[in-house]
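The sequence and the model are shown first, and the description follows.

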Amino acid sequence: MNDKTYYLTTPIYYVNDIPHIGHAYTTIAGDVMCRYKRMKGYDAFYLTGTDEHGQKIQQTADEKGITPQQLVDEVHQNFRELWGVLNISNDDFIRTTEPRHEIVVQAMFKELMDKGDIYKGTYHGLYCVPCETYVPESNVGEGNTCPDCKRPLTPMQEESYFFKASKYVEALIEHYENNLKGIIPQSRYNEILSFLRSGVRDQSVSRTTLSWGVPIPGDEKHVVYVWFDALINYASAMGYINDRVKFEKYWKEARHLVGKDIIRFHCVIWPLMLLALGITPPVAIIAHGWWTVDGEKMSKSKGNVVDPFKMAEVYGVDPFRYFLLREVPFGNDGDFSERALVGRINSDLANDLGNLLNRTLQMIVNYFEGKVPEVKSDPEITILAVTVLEKIEKHYEEFAFDEVLKTIWAFLGRGNKYIDETMPWKLAKEEPNSEGNMKLAEVLKTLYEILRMSALLISPFMPDTANRLWAQLGLAGDVSKLKIDEQKWDSGGSVAVKKAEVLFPRIDIAKWEESRNIKKKGD
Ligand code: ME8
């Protein structure tokens, strides 16, 4: 049995809306991490799913004149379909309306009630319906509006169950003090710790104003508050009740990937719930930034919501995956523009990677009849390859996907420069068995090894491209199933390469602009 386990989750997405690039971003990032871990020999479990209860869903269903069940059954399919299109390697897809989830929500709620950590009271407050949250008085925006979505708040008073969050705050502070990487990046860690030190009030965890939720055991006019319900998916999907072996195996390695909008729920409420239940909090919560589009906030009313299905169709799945993780340091906000995507396809993919492959294969064909020379590669590049692997490992630990890619691309860049420096076409003119002629074999073997190692390293980001690259290198099999550490440097000799095919066709900018009706200056 593999004892190197890893467990990573995405947020579960609301199904009142169709998926957009924000959802695609989080899910691709998690996918890359799990694919990398598997190639490093881990048994990595990747979970995603949909959040299907609550007022937002009920309201959307009402507006559409269908039942909430019909709505969630229909809309959750869009997410499943998108993950198929984007080549996401999730091991499970949890829906919060599934019985396997609901039984865990009820069991945890009951356990906390029995312990006295959930009690009944009355809640008064200003509620934001779209955000599904009460807004504390200190945060209410001008004219009683929500500080996040700016929409008007509704005054509400209701009988409610409360979770004694305050009781576990000290324990959580201590947990984070002992786990300095418990929240990534550091700035979020500091923010959450100072929030915790300012105190956390008991949390309302039930609603009587709607029926679309998990009923509270023994008091069925209440349903469980949607966030209390949703967070539990991370445990219910792992068999918290039905499969304890699985739960124990993966939970100790649990990590949650989230957008910065929902860090308090994940870094404060969820770990407090876990501590109350006697469960260890996750190893880490990793928060990423927010995408805008062409400099503006993405919104339906502006009509600028980027459709990931369309991006994948027009530009290809792999370039889209690559772009999202290369463009912006994880944790920072970023701006999406198709122009920037086209720029990266042309420069990074077609030029840097595509050209290196083409030039190398062409020279192996021209000078060695297509057979990779059976010699050792250049010692200088061999040393470089070792440092590349070490750097990449470190960047993954920090979830610094952009740095991983920069490191791979610097390596490819070294390959391109190596061709310019060694000028194989000159070496090829020298006498057979002369020093220069022997150097030619070394140069081409070195370039071949750079490409072989790059195929392995890009596989988590661009699984199909890695396989196409691998096949052109004359190698068989699915790269994503290989183990990086077993693929020793210089082990890839004695094969016949395939004819070089264009990996990424260049996009003609003038035609691209024309197809989008983008007028040039002065037109
Ligand atoms: O919050 N940029 O679901 P949700 C980057 N159901 N990421 C974005 C984004 C953007 N502009 N917009 C959305 C919920 N995201 C809850 C979660 S978890 C127990 C419950 C991503 O459908 C980002 O990961 O609103 C964010 O956290 C998530 O989508 C929110 O998805």
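## An enclosed strand

Strands β12 and β13 (residues 284-288) run parallel and are joined by five bridges. Helices (H or I, at least four residues) and strands (E, at least two) are DSSP runs, numbered from the N terminus, and two strands pair if DSSP finds at least two bridges between them. Within this pairing, Val258 has Ala287 of β13 as its bridge partner. β12 also runs parallel to strand β1 (residues 5-9), to which three bridges join it. Here Thr9 stands opposite His256 of β12.

Six of the six residues of β12 (residues 254-259) are buried, so this strand is largely enclosed by the rest of the structure. Buried means under 20% relative accessible area, exposed over 50%, and partly exposed in between (1.4 Å probe, protein chains only). The cover extends to both faces: Ala254, His256 and Val258 are buried on one side, and Arg255, Leu257 and Gly259 on the other.

## Basis of the model

The model is predicted: local features need pLDDT of at least 70 and side-chain atom pairs count only at pLDDT 80 or more, while totals for chains, interfaces and linings use all residues. Residues are numbered from 1 along each chain as its sequence is written, and side-chain values use heavy atoms, with hydrogens and water left out.

## Ligand surroundings

The ligand is surrounded by 23 residues, of which Ile12, Tyr14, Thr26, Asp51 and Trp291 are the closest; a residue is near a molecule if one of its heavy atoms lies within 4 Å of it. Polar contacts are pairs of N or O atoms within 3.5 Å. A polar side-chain atom of Thr26 is 2.7 Å from an oxygen atom of the ligand, and one of Asp51 is 2.7 Å from a nitrogen atom of the ligand. Trp291 contributes a polar backbone atom, 2.9 Å from a ligand nitrogen atom.

Taken alone, the ligand exposes 670 Å², and the protein buries 94% of that; accessible areas come from the Shrake-Rupley method with a 1.4 Å probe. Elements that give two or more residues to the shell are β2 (13-14), α1 (21-39), α7 (226-231) and α8 (233-236). The shell comprises 12 nonpolar, nine polar and two charged residues. In this division Ala, Val, Leu, Ile, Met, Phe, Trp, Tyr, Cys and Pro count as nonpolar, Asp, Glu, Lys and Arg as charged, and the others, Gly among them, as polar.

## A three-stranded sheet

An open sheet of three strands has the order β15-β14-β16, with mixed pairing. β15 (296-297) and β16 (334-336) stand at the edges with a single partner strand each, so one side of each is left without a neighbour in the sheet. Strand β14 (residues 291-293) pairs with β15 in the antiparallel sense over two bridges, and Val293 stands opposite Glu296 in β15.

## Cysteines

A search of the whole structure finds zero disulfides, a disulfide being a pair of cysteine sulfur atoms within 2.5 Å. For Cys34, the nearest cysteine sulfur is that of Cys267, 18 Å away. Cys34 is buried, with a relative accessible area of 0%. Cys131 is likewise in no disulfide, and the nearest cysteine sulfur, that of Cys128, is 3.7 Å away. Cys131 is partly exposed, at 23% relative accessibility.

## Thr407

Thr407 lies in helix α15 (residues 401-422) and is buried, at 9% relative accessibility. The C-alpha atom of Thr407 is separated by 9.8 Å from that of Thr387, 20 residues apart along the chain.

Methods:
A polar contact is a pair of N or O atoms within 3.5 Å; within protein, one must be able to donate a hydrogen and the other to accept it, and residues adjacent in sequence count only if both atoms are side-chain atoms.
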